[in-house]
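Have a look at the model first, then read on.

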Amino acid sequence: MSGTPARTADAAPAAEVVCLGESMVTFLPSRPGRLADVPSFGRGIGGAESNVACALAAAGHRAAWVSRVGADGFGDHLVEAVAGYGVDTSAVQRDPARPTGIYFRTATDRAADVHEVAYYRAGSAASAMSPDNVPYEALFAGRVLHLSGITAALSADCLALLHDLTAPRPGRPLISFDVNHRPGLWRDADAAPEVLLDLARRSDLVFVGEDEAEEAWGVKGAEAIRAALPEPGVLVVKRGSDGATVFSDTGEADDVTTVPALRVDIVAPVGAGDAFAAGFLSATLRDLPLRDRVRHGHLMAAAVLTVPGDLTDPPARAHADALAALDAEAWGRLRLGPGWTGDDQEVRTT
């Protein structure tokens, strides 16, 4: 990977991964049910890109988060909470004129018909990010710049920023892009598919769910998605319970790797996509084989799926490496439940 800047001996180590995007204060329900019926909420943080940064930092990597938040108490909480995971937040800007975004959600799966999300993010500080006010020196300081399609939906300025960041340029870091198609965020939902396809084609490493590719682009199946996205050097197609398929450009033909998903006793079905991206990026930074990159993605996702919130401490690296190294039969017998990431916990097999 390219893009690591020259440093002096006295300079602080640059981030390995820089993540750009909006994070919000999220209010989590005290019990299942409609938002109208939930009596109270607990406060947390939520944001696809900051989730990835937090997971990477918790896994021992140097990660930075770049964004804008309001000059308000919620902005204070966000910056402090993200920094608490060990993430470099020094490039996060405070906007005195715009608020920090917040949202409320139900406890059900995002894909379920009864799932509700109430966003209060219109006109937020992060939606004002643009090529004119974001510190490019911070964005290009790492080996990887991680972006998401959510940012493109926030405003015309945010879309212009992503378009500029994905443009070819000398010394560009590896651009990681999670499609994250969220139709409800787009003011012009009809424009979203083409915008996301264009951004993905300009990126080096792309994460996309099989379901969202079908919804956005009308293509079904991993091979068809690769045909629609031939440009990225690495394309990761997430296939839900069927696992993930990775296409890696070798110069002549793709190296295609499919890894089955783990069986997980799910506590809360949120945050898994961001955690998967973090696990895959972590293994990529360590130059692990493609199979193990996908397996680390599955393991990081399983860590989040077995806790109530979007973030949790990942398994210790030695623990995760041992599981990722299992043969296919042993991997297929794994079943992970709450508490499995602890060093003193036994991992079940069936």
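## Ground rules

For residue classes, Ala, Val, Leu, Ile, Met, Phe, Trp, Tyr, Cys and Pro count as nonpolar, Asp, Glu, Lys and Arg as charged, and the others, Gly among them, as polar.

The model is predicted, so local features need pLDDT of at least 70 and side-chain atom pairs pLDDT 80 or more, while totals for chains, interfaces and linings use all residues. Numbering starts from 1 along each chain as its sequence is written, and side-chain values use heavy atoms, leaving out hydrogens and water.

## H1 against H9

Helices here are DSSP runs (H or I, at least four residues), numbered from the N terminus. The axes of H1 (residues 48-58) and H9 (residues 272-285) cross at roughly 45 degrees and come within 8 Å. Axes are lines fitted to C-alpha atoms over the stretch in contact, with angles from 0 to 180 degrees between N-to-C directions.

On the contact side (heavy atoms within 4.5 Å), H1 brings Ala-48, Asn-51, Val-52, Ala-55 and Leu-56, and H9 brings Asp-274, Ala-277, Ala-278, Leu-281 and Ser-282. By class, that's 7 nonpolar, 2 polar and 1 charged residues.

## The largest cavity

On a 1 Å grid over the protein atoms alone, a cavity is a set of points where a 1.4 Å probe fits but cannot get out, and lining residues have an atom within 4 Å of a point. Asn-51 and Ala-55 are among the lining residues of the largest cavity. H10 (290-305) gives the largest share of this lining, 3 residues.

Conventions:
Helices (H or I, at least four residues) and strands (E, at least two) are DSSP runs, numbered from the N terminus. On a 1 Å grid over the protein atoms alone, a cavity is a set of points where a 1.4 Å probe fits but cannot get out, and a pocket is an open set with protein on both sides within 12 Å along at least five of seven lines; lining residues have an atom within 4 Å of a point.
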